[in-house]
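Please find below a colleague's note on the structure shown here.

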Amino acid sequence: MAMRSRSLASQDALSSSPERVRLTSAKEGVREDPAVGTRVRLKVEGMTCSACSGAVEAALLGVPGVTRAAVSAATGDGAVELLPGAVVRIETLLQAVDDAGFDASHVRDAELSRSVVKLYVDGMTCSACTGAVENVLRDVSGVEEVSVVLLPEGSAEVAFDPEVTGPRELIEAIEDAGFDALVSSSERVGAGAMPKATDAEASRFRSLFWTSLAYTAPVFAINMIFPGIPGFEWLYRDAVNHVSLASFMKWALATPVQFHVGRRFHVGAYKSLMNGAANMDVLVSMATNVAYFTSIYLIAHCIVTGHSYGKDFFETSTMLVTFILLGKYLESIAKGQTSEAIGKLLDLTPNTAVLLERKPKTKDAPEDSAVDYTDYAERSISSTLIHRGDLLKVYPGSRIAADGVLVEGDNVFVDESMITGESLPVAKTQGADVVGGTLNSGSAFVMRATRVGADASLSQIVKLVENAQLAKAPIQAFADKISSVFVPFVVAAAAATWFAWYAAGEAGYFPDSFLPEGETKMVFALMFGVSVLVTACPCALGLATPTAVMVGTGVGATNGILIKGADGLERAGHVSVIAFDKTGTLTVGNPAVVDVEIFRSVVAEAQFLRVVAAAESQSEHPIARAVIKYANARLSALQGFSDGATPSLPRVSDVEIVPGEGLRCRVEGVEVVVGNRKILDDAEIEVPKDVAAHVGRVQRDAHTCVLVAMNRDVVGALAITDPIRPEAAGVVAALSRMGVESHLVTGDNWQTARAIAAECGIVSVHAEVSPAGKAAKIEELKAPPVKKTLTGAVKTVARRVVPVVAMVGDGINDAPALAAADVGIAIGAGTDIAIEAADFVLMRSDLEDVVAAVDLSRATFRQIRLNYVWAMLYNLLAIPLAAGVLYPRTRIQAPPWVAGAAMAFSSVSVVCSSLSLRYYERPTPVMREIRAVSDDVELTPMLSK
């Protein structure tokens, strides 16, 4: 777990340059912030479709020093990568987004939050107070930088070394200076601003909707209800030259809706057009302005000329704005539910923790009592005040507040299901890692905090999921291309619709009976054009992919499957070949020595083991650790050491590690080679026939044989076994049923590899492959199949049958293959490098999650395709209907406000469609083992939980 957390924490570090970027602030001037790197995160509000996100990206890319910008219309998250060494003001980035027609705010990156905390300070009244607070904070050991401001609210931002100090000591220093302080609520987790931002967006749309409805309801009543109620005739009598009082009242009520409530659409449309783009705001603004100003023109024309103008269309503009705001409100609620998984993860961290503090030593205590002093006082503190190294007590039934190490406790079980998806509580012993946010389902225990705040595993998981949701899937390019031309096409279609109906009317192609009462041919044609403007919906297309990806990545996180990006998620949905590593992947990764054979009688067992253990101590390979463990235990038994004592090993020099083969070194002047047959052959060390026969017997038993040569003479061999994971065979069978072909790619010998593959049900085996050779083998598997023609020419087959290859591994030597594969899947208990190179991380270290990862990816992209079908089908049907293709037969003309309502709810329907992924169910558990339960040998399949 420790490895997993560190790897997640370093996720952004690998994706950005190690050089620092200087960010400047209007208030603070220039400062170098080592935690920001070359990546700045923003929260953008007001985007509705991929055309909006494209406009924001283009605006950000126009800022000098920006090399890449990625913005998600669904989440509102944005990431900006800067040139190393560039000086970029945050205000410049925010202004660029504002110029594009959207609001933005800076989100401090989680890496920065590890050593920066914001405190609210109460009691400051003048600059002397801020100076006093700043001075006391600077005097705290470990504080690197302090910024204290009085307005708009007293606050202090402190950069510090988390290994030296923490928020608790900072607050105590402020309180000692006579002020009150508390940690900002936004510092609780250090990541995951999305749920709060989504709530704020929904609240804003709700407020605008109710304001609009307050004006629209009277307009609707005046237009549709009051004419049929006795006593309201006076409203419809001519007041000024055939213009009724009702028309003036509707004009007065429609004006605030058009220019105050609907201002966001007009401003967004203006800025969008100024940036050379067009989005939904352009359509809404054009439609409402046409209806509103046409009504004013008709009233003015009637007053000036005295002619009867028929009717106005103020209800069209007001109801359009109202229904679109209602749709946006419902859409924001639905989008908030797509990030529900992140919200649940954030809520796992408890608000408080029990801190153990040493009691002051009494006068009666002996002088050396500090040596074994174990008397502590318990104090409840906010989880935001936990420091690295704090001792915390966790009671039964409570959640763990930070990542740490178990220090004291018996019968400790931790429920990690909310993080890893593992249904059964996990037993923990002294020294075991515990993860913040998990539940203590056993006895009370004491732990030492090692990672807190944004550095904790939970925060890093949240950040990983957010980054995955920010990345665009390749299929999104389809929606981006359509959105880039969608609005101009709709405007042209609306203009063509108006012209066609007007020209047809003037030419006499339809009778005057087609015209509704009180409408001229111009107004009649205009209403069809307005309906086309507002019924078309680019938003549904833009939301089809990101909302499904948001739900899919969230579901994966709750099932212990961390997905690093939408591109990897899409490729995983098309996987046709999976290559498995052997050690630690198909096997449990806990090898053990089962036999030792010494071929030279002149070499004593103790001497042999000491030399082998000394050599293998230079390697991190699991087999090396197994050899060292066995050698230490055997030497202790031979030499009569007490339990826990470790024998001393000779000095090692001139070490050369050959990945996938073994190592060469000198142990007290003796030339030693430890590894497989290949490293001995490369060193031109002869392997006697009896040794070769022994190696063959070991390998046929599915064991790995490690040969040991001293001074170019093979003196011994160790047989090492690594149990196959109980679910391995079932996983291979399940993948086969899904149409996925399994391969074994390993650096081990052919005989052992074939034996392991046979037990797992794998037919295709690639053995004795170096790390570079594994990557080459992956490239070979990725190559498109070819065929020969009758003339002998070689042709590549159609692209649709090109295999998509996934690699499943856990070790350093798997990293090149994981990076080379279309989809890299890392076992969560593996090394940091393997996890960094992968697209998926299996937190449970359970191969069954490979099946779930592929199945979830396929389910997600089935949903995306369904979303696209619905979005395209809606537009293909709605635009012709709004244009009036059925009017000659049905004489039914959909009012523009009805078309607007349909457009608004089409976006909501796509988001709700994506939400169906929340009910995703994992594939049927695979068979893990078969046990005989009676004398009749009744076989019962043991399924995974």
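1. Overall composition. The model under discussion is predicted. The protein chain has 945 residues, of which 54% count as buried. Its secondary structure comes to 32 helices and 39 strands. Among contacts between residues at least 6 apart in sequence, 71% join residues at least 24 apart.

2. Packing of α18 on α30. Two packed helices are described by the angle between their axes and the distance between the axes. For helix α18 (residues 538–558) and helix α30 (residues 848–883), the angle is about 160° and the axes are 9 Å apart. Because angles over 145 degrees count as roughly antiparallel, α18 and α30 are described as roughly antiparallel to each other. The crossing of α18 past α30 is right-handed.

3. Residues in the α18–α30 contact. On the side of α18, the contact is made by A540, L541, A544, T545, T547, A548, V549, G552, V555 and G556. The residues contributed by α30 are L856, T860, I864, N867, Y868, A871 and M872. Sorted by class, this contact of α18 with α30 holds eleven nonpolar residues, six polar residues and no charged residues.

4. Packing of α16 on α30. Helix α30 also packs with helix α16 (residues 476–506), at an angle of about 10° and with the axes 11 Å apart. The cut-off for roughly parallel is an angle under 35 degrees, and α16 is therefore roughly parallel to α30. From α16, the residues Q476, F478, A479, I482, F486, T497 and W501 meet Y868, M872, N875 and A883 of α30. This contact of α16 with α30 comprises eight nonpolar, three polar and no charged residues. Y868 and M872 of α30 take part in the contact with α16, and Y868 and M872 are likewise listed in the contact with α18.

5. A buried serine. Is S531 buried or exposed? S531, which is found in helix α17 (residues 521–535), has a relative accessible area of 1% and is buried. The cut-off for buried is under 20% relative accessible area. Leaving aside neighbours within four places in sequence, S531 is in contact with A882, A894, P895, P896 and A899.

6. Six strands form an open antiparallel sheet, in the order β15-β14-β16-β22-β17-β20. The edge strands, each pairing on one side only, are β15 (376–382) and β20 (433–434). At the β20 end, strand β17 (residues 403–408) is joined to β20 by two bridges, and the two strands run antiparallel. Within this pairing, V405 has D433 of β20 as its bridge partner.

7. The sheet from β25 to β26. A further open sheet of six strands has the order β25-β30-β29-β28-β27-β26, again with antiparallel pairing. Its edge strands are β25 (592–598) and β26, each of which pairs on one side only. The twist from one strand to the next averages 15°.

8. The β26–β27 hairpin. Five bridges join β26 to strand β27 (residues 662–667), and the strands run antiparallel. In this pairing, S653 stands opposite R666 of β27. Three residues lie between the strands of the hairpin, where G660 takes a positive phi near 80°.

9. Positive phi at D654. What is the phi of D654? The value is near 50°, which is positive in a residue other than glycine. With 58% relative accessibility, D654 counts as exposed, the cut-off being over 50%.

10. Where is R712 placed? R712 is in the loop between β29 (704–710) and β30 (713–721), two strands that follow one another in the order of the sheet, β25-β30-β29-β28-β27-β26. R712 is not a glycine, yet its phi is positive at about 65°. Its relative accessible area is 42%, and R712 is therefore partly exposed.

Notes
Residues are numbered from 1 along each chain as its sequence is written. This is a predicted model: local features need pLDDT of at least 70, side-chain atom pairs count only at pLDDT 80 or more; totals for chains, interfaces and linings use all residues. Side-chain values use heavy atoms; hydrogens and water are left out. Buried means under 20% relative accessible area, exposed over 50%, partly exposed in between (1.4 Å probe, protein chains only). Helices (H or I, at least four residues) and strands (E, at least two) are DSSP runs, numbered from the N terminus. Axes are lines fitted to C-alpha atoms, for helices over the stretch in contact, and angles run from 0 to 180 degrees between N-to-C directions. Angles under 35 degrees count as roughly parallel, over 145 as roughly antiparallel, 65 to 115 as roughly perpendicular and the rest as oblique. A crossing is left-handed if the near helix is turned anticlockwise from the far one by less than a right angle, and right-handed if clockwise. Contact means heavy atoms within 4.5 Å. Ala, Val, Leu, Ile, Met, Phe, Trp, Tyr, Cys and Pro count as nonpolar, Asp, Glu, Lys and Arg as charged, and the others, Gly among them, as polar. Two strands pair if DSSP finds at least two bridges between them.
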